[in-house]
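Hello,

Here is the structure I promised to pass on. Please open it and keep it in view while you read my notes below.

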Amino acid sequence: VIHHEGYRTVIADPPWPIEWPHSKYIGTQELQYPVMPIAEIAAMDVKRICNNDCRLLLWTTNGFLPDALWVCRLWGFRYKMLLTWCKPTGLGGEPRIASEHIVLGYRGHPNRVGDRHDKQVLNWWMLSRTNTHSEKPAVIIDTLTAITEEPRIELFARDRRLGWDTWGNEV
């Protein structure tokens, strides 16, 4: 439920329209959630709920990275950098896809949070094991919470998180 207008941090993990290839390595697997066409994700009026000074943390897979950059712009953010989650396991035959990314976008000039010399701020990648499909590691969410401003919202959320408003069909 969205309780606030003027969020300073928006994290989103859209249900990108993943199509699992049928191969002897992956097989065919049904996703545990409905996907959305990229045009519908891009058409969301995220700007409406954002403060003039806001960070966007937009999760994407390797295959949807160009689309995520486009969505970032359409949602009213300028691309700042890419954060990477390195997984010890991956999908596919060769090469294995063993990373996901967060497109970091800025709207206006969000305030710096934390000491710029903190380890969590200096690392632009993180290694963490995978859990269930599409579940993000708590250590990454905790780090993002520590380095972002309130009020915060998570779009396409699966769980409620302390310090975050949540919106999604699984919460």
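Is Arg161 buried, partly exposed or exposed? Arg161 is partly exposed, and its relative accessible area is 24%. Keep that residue in mind, as I return to it below. One caution first: this is a predicted model.

**The overall layout**

The protein chain holds 4 helices and 7 strands. Starting at the N terminus, the order is β-α-β-α-β-β-α-β-α-β-β. The chain has 171 residues, and 42% of them count as buried. The exposed surface comes to about 9,800 Å². Carbon and sulfur atoms supply 53% of that surface. Residues 24 or more positions apart account for 69% of them.

**Strand 1**

Find residues 7-12, which form strand 1. Of its 6 residues, 5 are buried, so the strand is mostly covered. Strand 1 has strand 2 (residues 50-61) as a parallel partner, with 5 bridges between them. One place to look is Tyr7, whose bridge partner in strand 2 is Cys50. Strand 1 also pairs with strand 6 (residues 152-155). That pairing is parallel too, over 4 bridges. Here Val10 has Ile153 of strand 6 as its bridge partner.

**The salt bridges**

Side chains of opposite charge can pair when their charged atoms come close. The count here is 3 salt bridges.

- Arg8 and Glu149: their closest N and O atoms are 3.9 Å apart. Arg8 lies in strand 1, while Glu149 sits in the loop between helix 4 (138-146) and strand 6, so the pair ties together parts that are 141 residues apart in sequence. Glu149 is buried, at 13% relative accessible area.
- Glu150 and Arg152: these side chains meet at 3.6 Å, N to O. Glu150 is exposed, with a relative accessible area of 54%. Arg152 counts as buried, at 7% relative accessibility.
- Glu154 and Arg161: the closest N and O atoms are 2.7 Å apart. Glu154 counts as buried, at 7% relative accessibility. Arg161 is the partly exposed residue from my opening question, at 24%.

Then go to strand 6. From there, pick out Arg8 and its salt bridge with Glu149.

Best wishes

Methods:
Residues numbered from 1 in each chain as written. Predicted model: local features only at pLDDT ≥ 70, side-chain atom pairs only at ≥ 80, totals over all residues. Heavy atoms only, no water. Buried < 20%, exposed > 50% of the residue type's maximum accessible area, 1.4 Å probe, protein only. Helix = DSSP H or I, 4+ residues; strand = E, 2+ residues; numbered from the N terminus. Pairing = 2+ DSSP bridges. Contact = heavy atoms within 4.5 Å. Areas by Shrake-Rupley, 256 points an atom, 1.4 Å probe, with all protein chains shown as cover. Salt bridge = Lys/Arg side-chain N within 4 Å of Asp/Glu carboxyl O.
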